[in-house]
Amino acid sequence: MAYITANELVLGYDGKEILEGLSFEVNPGDYLCIVGENGSGKSTLMKTLLGLNNPMGGKFEWGDGLKKTQIGYLPQQTIVQRDFPASVGEIVLSGCQGRMGLRPFYSKSDRALADKNMELMEIKEFEKNCYRELSGGQQQRVLLARALCATEKVLLLDEPVSGLDPKVTAGMYDLIEKLNKSGITIIMISHDIIAAVKYATHILHLGGEIYFGTKEEYIASSVGKRFLSLEGGM
Amino acid sequence: MADLLNYFSYPFVKYAFITGILIALCASLLGVTLVLKRFSFIGDGLSHVAFGAMAVAAVLKVSNFTYLVLPITMLCAVLLLRAGQNTKIKGDAAVAMISVGALAFGYLLLNIFAKSSNLSGDVCSTLFGSPSILTLKENEVWFCAGLSVFVVVFFLFFYHKIFDVTFDENFARSCGIKVDAYNLLIAVITAIIIVVAMNLVGSLLISALIIFPALSAMRLFKSFKAVTICSVVISVICAAAGMLISIGCSTPVGATIVATDVVVFAMCVLIGKLCGRS
Ligand SMILES: Nc1ncnc2c1ncn2[C@@H]1O[C@H](COP(=O)(O)OP(=O)(O)O)[C@@H](O)[C@H]1O
Ligand SMILES: [Mg+2]
C-alpha cells in the first residue's frame, strides 16, 4: 500500500490559493524529487504533508500504518537556527522528541539511536561542537541525522543541498542515495534538475504545469524536456 | 562587614535574601529562550502591563497586589503572544500600544485615586523596585518563594521540549509536539516571572534581570545546556552581590542588581572577544 496518496490537493495560505489539482502517490522505497521554480509551492506542499499547514481542498492520506509523527523532516534553514547556541549532540538528540510523549528526559535507547545516526552521518567527532560553527555541509548532515532519529521509513528533505559547494553537494547526494538503498523512502525538494533525474525514481514538477510520473516518463514528457533544457542546459 | 553579619542575624533578612536569589534564578531560566525566540519584546511589554495592573490594585485597595496583578499579566501575555504571531509589524505595534497604554493609565489612576501622601515614592518603587529588600512584606516573600519553585520545577520538567520549541518550531511540529501550547505556556510562565521579579527590581528593570544573564552566557558558551546553566549561575551571583552591596551601601536593591548584571555582561563580552581571537 502507498505511503502517501494525494488526490486533487489544493494548497495555499490564509484563503489564497497557490496550487491546485495536485495528485500523486509515494510508495515504500521510492525516491521522489519535487522540482519547480522558486515560489511554486514546493515547501508549502511539504509542510502540508507534515500537517504544519492545512490543505485548502482535495485530500491526502498517509497509508501503510505510517503516522504523521514518524516522518523525518529536514526543513529549509531559517535565520534563527544560525545564531543558536546548541551543540551537535543536543540537536541530533532532539530528533527523538516525537517518541518521547510526555516523558521529560531522553532514555538510553534514544541516546543510542542518536549516536548511531551521528556515526552514519560521520559527524560523531563534532558531537560537542557548536552547530553554528560548522560548515554548511556539516550542518546539513546534523539536520539529516536529527531527521533520521525521527524516522525509520520516510525522509522529507527541503533543499538539502542549497548553498553547498559542488563537492559537498555530491557527498550529500551519495548519503541520501545510501539511505534510500537501505530502504528509507525519500521525498526531496531540489533546485538541481540534473541531480533529480540522476537519482530519483519519480519526479513531481510544480509551477505552471503540474506533472507527476516516473523519472523516465518525465524526461520524455514535454514539461520535462522544456524544464531540462531551460535549467539543465541539456 | 560587622554590619552585614548583624543584618543576617535577623531571620527575616535571610528569607528576603533567599527569595531574591530564587527570583534571580527563575528569571534567568527562560531568558535564553526569550532572547532566542525573539520574545524579549513580550517581557518588556508585560512589565509595563504589570505596572498598570499594580496601579489598579492600589486604587481598588486589594490587600495583596499579586492576586490581581498575576492574572491580568498572564492574560496580557496570552494576548501579546497572539498579536506577535500575526504579521510582524502589527504585532510590534500592538505590543507598544498595550505597554505604553498600561503605563499611562496606571500613572493616571494612581494620580487621581490614590490618597497616599507619598505618590511619587510609591510610583518610583513600583517602577524601580523596593528601595531596600528589607521593605518586602513577609507574605510577599513566601509567595515569591512558592512561585519561584514552581517555575524551576516547570523548567526542569519541560527542559527538552523548551529546547525543541526554541530551536526549530517546524521540526518540533512535524514530530507532533504541541508547539502552540508550549509557546503559550512559556508566555504564561514569563508573566509569572515578571510579577514575582517586580517585587525585587520593579517593573522597568525586569527585562534586564531576564535578558542580561542570558546574553552574558551566550558570549561564553555554545551549547544550550551550558548557556542555560551559566546564565543561572551569573544571575544568582549578580543578585547575591547586588543585594549585599545594596545592604552595605544602602543603594536601591533593584538598580544595584541590574547594574551588577550590566558589569558582568561587559566582562563576558570582553572575555568572549579575547577567547574568540586566540
Ligand atoms: N507562511 C506563509 N504565508 C503566506 N504565504 C506564504 C507563506 N509561505 C510561503 N508563502 C507563499 O507561498 C508561495 C510558495 O512558497 P513556497 O512553498 O515556499 O515556495 P518554494 O518552496 O517552491 O520556493 C510563495 O508565493 C510564497 O510567497
Ligand atoms: Mg522552499
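Buried means under 20% relative accessible area, exposed over 50%, and partly exposed in between, with a 1.4 Å probe and protein chains only. Helices (H or I, at least four residues) and strands (E, at least two) are DSSP runs numbered from the N terminus. This is a predicted model, in which local features need pLDDT of at least 70 and side-chain atom pairs count only at pLDDT 80 or more, while totals for chains, interfaces and linings use all residues. Residues are numbered from 1 along each chain as its sequence is written, chains are lettered from A and ligands numbered from 1 in the order in which they are written, and side-chain values use heavy atoms, with hydrogens and water left out.

**View 1. Strand 5 of chain A and its partner, strand 6.** Ile71(A) and Tyr73(A) point one way from strand 5 of chain A. Gly72(A) and Leu74(A) point the other way. All four of these residues are buried. Strand 5 runs parallel to strand 6 (residues 154-158) of chain A, and four bridges join them. Two strands pair if DSSP finds at least two bridges between them. Gly72(A) has Leu155(A) of strand 6 as its bridge partner.

**View 2. The magnesium ion (ligand 2).** Ser43(A) coordinates the ion through OG and Gln76(A) through OE1, at 2.1 to 2.6 Å. The two residues come from distant parts of the chain, 33 residues apart. Ser43(A) sits in helix 1 (residues 42-50) of chain A. Gln76(A) sits in the loop between strand 5 (71-74) and helix 2 (79-82) of chain A. Donors are N, O and S atoms within 2.8 Å of the metal (3.2 Å for Na, K and Ca); water is not among the atoms, so sites may look incomplete. Gln76(A) counts as partly exposed because its relative accessibility is 36%.

**View 3. The shell around ligand 1.** The surrounding residues are Tyr13(A), Ile18(A), Glu37(A), Asn38(A), Gly39(A), Ser40(A), Gly41(A), Lys42(A), Ser43(A) and Thr44(A). A residue is near a molecule if one of its heavy atoms lies within 4 Å of it. Helix 1 of chain A gives the largest share of the shell, three residues. By class, the shell has two nonpolar, six polar and two charged residues.

**View 4. Polar contacts of ligand 1.** A polar contact is a pair of N or O atoms within 3.5 Å; within protein, one must be able to donate a hydrogen and the other to accept it, and residues adjacent in sequence count only if both atoms are side-chain atoms. A polar backbone atom of Gly41(A) is 3.1 Å from an oxygen atom of ligand 1. Taken alone, ligand 1 exposes 570 Å², and the protein buries 58% of that.

**View 5. Ser40(A) in its loop.** Ser40(A) lies between strand 3 (31-35) and helix 1 of chain A. With 8% relative accessibility, Ser40(A) counts as buried. A polar atom of its side chain is 2.6 Å from the backbone oxygen of Glu37(A).

**View 6. Positive phi at Asp14(A) and Glu159(A).** Most residues other than glycine have a negative phi. Asp14(A), not a glycine, has a positive phi of about 45°. Asp14(A) lies in the loop between strand 1 (4-13) and strand 2 (16-26) of chain A, and is exposed at a relative accessible area of 82%. Phi of Glu159(A) is near 45°. Glu159(A) is in the loop between strand 6 and helix 6 (166-181) of chain A, and counts as buried at 8% relative accessibility.

How values were computed
Accessible areas come from the Shrake-Rupley method with a 1.4 Å probe; for residues, only the protein chains shown count as cover. Ala, Val, Leu, Ile, Met, Phe, Trp, Tyr, Cys and Pro count as nonpolar, Asp, Glu, Lys and Arg as charged, and the others, Gly among them, as polar.
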